[in-house]
Amino acid sequence: MREQIEASLPFKARVGGVLYLIIIIGGLFGAGYVPATIVVHGDPAATVNNILTNESLYRFGLGVHIIVVLCNIPLAVIFYDLFKFGSKSLSRLVMLFILVAATIEGVSLLNKFVPLILSQSAAIMTAEQLQATSYMHFLLHEIGFNLSLAFFSCYCLLAGYLIFRLGVFPRIIGLLLAIGGACYLINSFANFLVPEFAVSLSPYIFIPCFFGEATLCLSLLIKGVNLEQKVI
């Protein structure tokens, strides 16, 4: 039975690579490009005007972001299968951190639908009220997203540790992923505690995060997984 399970791991690893690739590309578009194009920080009127002017892009970005959240769920299960022969308890934590992060991110996306709903009920609100309410929900979404990244950073740190110790992937990937996780964590708490400082960190602090996750994604797609794992 164990031999049959291990034989399926290379296939699962490549499926995980495909899912991770969707998450990276979708995240860059849905959580990166679209908000950067639409949201004007500190200017609710311009933000709402951009949404109404680019509604198709805005809705498409939301759809892509939802797909990203959905892909995290099977990816969490795949990572559990890849790591469980080394340490079941730690692999469960990896899965749980991804699932909690995806749950928070998915719930926070509700805030981004508010401007679309309010724009259809403009008759019962003044333009200023619509703009202020919509912008407040954008800020709530950003808080939720940063909260999800705090949990996601724990996945990166723990998965990086497991990769480095087990050798299921090249150990340099584990190091890069852990560095990326530390950057996610710093960014999240900077946004919670010193928002002015956090503004100066972005987007540079996300560069190590991208390299850590991108190298893991490419390794899953190209090399698969090393089955000679150690138990820790």
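Q: How do the residues lining the largest pocket divide into nonpolar, polar and charged?
A: This is a predicted model. The lining of its largest pocket has 27 nonpolar, eleven polar and five charged residues.

Q: Which residues lie nearest the pocket's centre?
A: Ala31, Gly32, Phe145, Leu149 and Phe206. They belong to a lining of 43 residues.

Q: What volume does the largest pocket have?
A: About 1500 Å³.

Q: And which element gives the most to the lining?
A: H6, with eleven residues. Among the other elements that give two or more are H1 (2-38), H3 (55-83) and H9 (206-222).

Q: Switching to packing. How many residues are in the largest nonpolar core?
A: The core has 44. Tyr20, Phe79, Phe83, Val94, Tyr155, Phe169 and Leu216 have the most contacts inside it. Elements giving two or more residues to this core include H1, H4 and H7.

Q: What is Phe79 in contact with, leaving aside neighbours within four places in sequence?
A: Tyr20, Val94, Ile98, Tyr155, Leu216 and Leu220.

Q: What does the second core include?
A: Tyr58, Ala102, Leu116 and Phe138 are among its eleven residues. That core is separate.

Q: Now the whole chain. How many helices and strands?
A: Nine helices, zero strands.

Q: What share of the residues is buried?
A: Buried residues make up 45% of the 232.

Methods. Residues are numbered from 1 along each chain as its sequence is written. This is a predicted model: local features need pLDDT of at least 70, side-chain atom pairs count only at pLDDT 80 or more; totals for chains, interfaces and linings use all residues. Side-chain values use heavy atoms; hydrogens and water are left out. On a 1 Å grid over the protein atoms alone, a cavity is a set of points where a 1.4 Å probe fits but cannot get out, and a pocket is an open set with protein on both sides within 12 Å along at least five of seven lines; lining residues have an atom within 4 Å of a point. Grid points are joined across faces, edges and corners, and a volume is the space filled by probe spheres set on the points. Helices (H or I, at least four residues) and strands (E, at least two) are DSSP runs, numbered from the N terminus. Ala, Val, Leu, Ile, Met, Phe, Trp, Tyr, Cys and Pro count as nonpolar, Asp, Glu, Lys and Arg as charged, and the others, Gly among them, as polar. A nonpolar core is a set of buried Ala, Val, Leu, Ile, Met, Phe, Trp, Tyr and Cys residues joined through side-chain atoms within 4.5 Å. Buried means under 20% relative accessible area, exposed over 50%, partly exposed in between (1.4 Å probe, protein chains only). Contact means heavy atoms within 4.5 Å.
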